[in-house]
Amino acid sequence: MSKVIDDDRIKSVTFSNDEIARYSRHLIMPEVTLEGQKRLKAARVLCIGTGGLGSPIALYLAAAGIGKLGLVDFDIVDYSNLQRQILHGTKDVGRKKLNSARDRIKETNPNVQVELYDALFSAENAMQIVEPYDIVIDGTDNFPTRYISNDVCVFLKKPNIYGSIFRFDGQCTVFAPHLGGPCYRCLYPEPPPPGMVPSCAEGGVLGVLPGVIGVMQAIEAIKLIVGIGEPLIGRLVHFDALKMKFREFKIRKDPKCPVCSEHPTITELIDYEQFCGIPQALAEEEAELPVPEISVEELHARLQRKDRFVLLDVREPYEWDVARIEGAILIPLGDLASRMSELDTADEIVIHCKSGIRSAKALRELQRAGFSKLLNVDGGILAWSDRVDPTVPKY
Ligand SMILES: [Zn+2]
């Protein structure tokens, strides 16, 4: 198996007696021994994201004795993170994720050197951030970042350990064309159209699921570093939590891959937002019929004045059960077409959802059906909870 760490760096590694005790369960395994533990301490691993996947990845790698752990994130801890992002605790809500991650990792293992990159991982900074590391672990959930981490790892010849999660399903593989096997672009040459693949924020995710997939990613990192076992290169493992089934798929190098083939057409980082169609999608939405909006403050004033209008909530019934605005009626977005007869074109209809995205879709659907007196609640029930009625829970 090819080595991902220089022998020179391994030679200079030493351990204190405390560290020998700490890692004793590794040292007594013939597959690891002191030599393997030295490799772990010599290793530099970059984890992109400190969320659902990044949490178990960083915590277990720190506990296992990785020498240097780089973390990339720009986000702030939110209550909705705590169901799965075990690097962060209740007391960390409102703090930078990087800071709570560093504190938690240091508590687990003070011997780990933690390097923080407080930034959105982008074409501008990716090469510089990745360069000093041996392995990259992708713990993010958006397409531009996936393509950036793939391309930069292909260019710099670093293994890119991939994981993804959605609802009850997860996937894991190791992309490393320089060690054989395909890259992410061999599988997905083009990103899906924006909005086609729902995110965990829209579709939800079982809180424990990133634990399973993130731990698989951490195991693959350790195997590559120590140089044992069969790496998950050229194979993709799919996990279905509801059926409790793992399935393995062979994945192959695309001989025409734009980045990892013999004759690549992409040889440097590109504009990934553009590539993933994000600016076009926004422009197309704006070019469509304009969406008239109402602020939550104005909605509140109108409700207080008892103005005549229909307040339509287009979320799902289980969201309605968590939080609702008094006086609203519920027609989930997916049922709108079949239940449109319950609405009257003569009425003014104010539409809301969780954050304003689905309600804008509902508004367009109603516009196309001939409704004209429509308003979209900007920011949805989240803004209502923030700025009008904090007793309405945020979810
Ligand atoms: Zn490829």
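Let's start with the cysteines: counting a disulfide as a pair of cysteine sulfur atoms within 2.5 Å, the total here is zero disulfides. A disulfide is a covalent bond between the sulfur atoms of two cysteines. Cys 183 is buried, at a relative accessible area of 0%, and Cys 260 is buried too, at 9%; buried means under 20% relative accessible area, with a 1.4 Å probe and protein chains only.

A word on what you are looking at: this is a predicted model, in which local features need pLDDT of at least 70 and side-chain atom pairs count only at pLDDT 80 or more, while totals for chains, interfaces and linings use all residues. Residues are numbered from 1 along each chain as its sequence is written, and side-chain values use heavy atoms, with hydrogens and water left out.

Stepping back, the protein has 395 residues, of which 49% count as buried. Its C-alpha trace spans about 80 × 50 × 40 Å along the principal axes. Taking contact as heavy atoms within 4.5 Å, 68% of the contacts between residues at least 6 apart in sequence join residues at least 24 apart.

Now zoom in on Asn 109, found in the loop between α6 (97-108) and β3 (113-117); helices (H or I, at least four residues) and strands (E, at least two) are DSSP runs, numbered from the N terminus. Asn 109 counts as buried because its relative accessibility is 0%. Beyond its neighbours within four places in sequence, Asn 109 is in contact with Arg 22, Tyr 23, Ala 62, Ala 63 and Gly 65.

Methods
Buried means under 20% relative accessible area, exposed over 50%, partly exposed in between (1.4 Å probe, protein chains only).
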